[in-house]
Amino acid sequence: MKSTSQFSPSSLKYKSQVVFTTQGIKDGFIKCLPLGIGVFAYGLVFGVLAVQSGMTPVQAQLMSLLVFAGASQLMSLELWGPQLPVLTIILTTFVVNLRHILMGAAMRDWLVRTGPGKSYFSLFFMTDESWALSVREMASGKKDAAFLLGSGLCIYFFWNLSTLFGASASFWIDRHLADPAVIGLDFAFTAVFIALLTFFWQGKHQIPVWLTAGAAAWITFLLLPGKWYIIIGGIAGGIAGAFRK
């Protein structure tokens, strides 16, 4: 297997057909287990906060089963109430998830070769964690696109299991642990994303690209409301990377 330092999606040439196998699903699920355990921590927080925000445990579970978007679900809790601002939730969710345009484009070499049914089904389960793992797999030359589905299913399993535990235990937690931040669970989300960055580190020559993306995201964060800093930072980093080559 090539090291991640050889990662260069644009240089990949898929001369043979991309496959979609059961073994690929298994490999993706197993390799994603460490990340799934990390997701379990902040899924637990979501379950607790969802019930504290006024949802029933069933509603919290249905949201995790049908929406399956951690950042969007946590964001929607801030707007949850008797009078739901539906349009605001939809627009905010759209902005938060604009990054998936870039993420889907990065997976193009696999997705365009597996057919629309398998591709769209896999994309429903695509998360930041499973995407990062799959991009690394694709960059190493692997051609089993089912890896994306398997790793996504792993995150889906842990996210929903933790929602079940968090929502079910919310009554006990409300009495004994009203604020999950007391034991650091609120940092789990950030910790997982910091760990994901290590997948993409290719060496010091990348520092200017990372700094460009970070600076653009920070300036956008200061100037614009919402989550536009995510997409602006991603685009700025992409442009800087293109010029570096």
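In which helix is the place of isoleucine 219? The place of isoleucine 219 is in helix H13, where helices (H or I, at least four residues) and strands (E, at least two) are DSSP runs numbered from the N terminus. The model is a predicted one, in which local features need pLDDT of at least 70 and side-chain atom pairs count only at pLDDT 80 or more, while totals for chains, interfaces and linings use all residues. Residues are numbered from 1 along each chain as its sequence is written, and side-chain values use heavy atoms, with hydrogens and water left out.

The chain contains 14 helices and 0 strands, and its pattern, read along the sequence, is α-α-α-α-α-α-α-α-α-α-α-α-α-α. Of the 245 residues in the chain, 41% are buried, a term that stands for under 20% relative accessible area, with exposed meaning over 50% and partly exposed in between (1.4 Å probe, protein chains only).

Isoleucine 219 counts as partly exposed, since its relative accessibility is 46%. Together with Trp218, Phe221, Leu222, Leu223, Leu224, Trp228 and Ile232, Ile219 makes a nonpolar surface patch of about 840 Å². Patches are made of residues with over 30% relative accessible area and no salt bridge, like charges being joined within 9 Å and nonpolar side chains (Val, Leu, Ile, Met, Phe, Trp, Tyr) within 5 Å; the accessible areas come from the Shrake-Rupley method with a 1.4 Å probe, and for residues only the protein chains shown count as cover. The elements that give two or more residues to this nonpolar patch are helix H13 (207-223) and helix H14 (228-244), and H13 gives the most, with 5 residues.

Charged side chains were examined next. Side chains of opposite charge can pair when their charged atoms come close. The structure holds 3 salt bridges, each defined as a side-chain nitrogen of Lys or Arg within 4 Å of a carboxyl oxygen of Asp or Glu. In one of them, lysine 31 is paired with glutamate 137, with the closest N and O atoms 3.5 Å apart. This pair links distant parts of the chain, as lysine 31 is in helix H1 (residues 22-31) and glutamate 137 is in helix H9 (residues 128-139), 106 residues apart. Lysine 31 counts as partly exposed because its relative accessibility is 38%, whereas glutamate 137 is buried, with a relative accessible area of 10%.

Glutamate 137 also meets the side chain of lysine 142 in a salt bridge (3.4 Å, N to O), and lysine 142 is partly exposed at a relative accessible area of 33%.

Two packed helices are described by the angle between their axes and the distance between the axes. Here axes are lines fitted to C-alpha atoms, for helices over the stretch in contact, and angles run from 0 to 180 degrees between N-to-C directions. Helix H6 (residues 99-106) and H9 pack at an angle of about 25°, and their axes are 10 Å apart. H6 and H9 are therefore roughly parallel to each other, given that angles under 35 degrees count as roughly parallel, over 145 as roughly antiparallel, 65 to 115 as roughly perpendicular and the rest as oblique.

The crossing in which H9 passes H10 is right-handed. Helix H10 also holds threonine 163, which counts as buried because its relative accessibility is 0%. Threonine 163 and leucine 62 are separated by 101 residues in sequence and by 9.7 Å in space, C-alpha to C-alpha.

Finally, the backbone at one residue deserves mention. Most residues other than glycine have a negative phi, and most peptide bonds are trans. Phenylalanine 68, although not a glycine, has a positive phi of about 50°. Phenylalanine 68 lies in the loop between helix H3 (57-66) and helix H4 (70-77), and counts as buried at 7% relative accessibility.

Definitions and conventions
Left-handed = near helix turned anticlockwise from the far one by under 90°.
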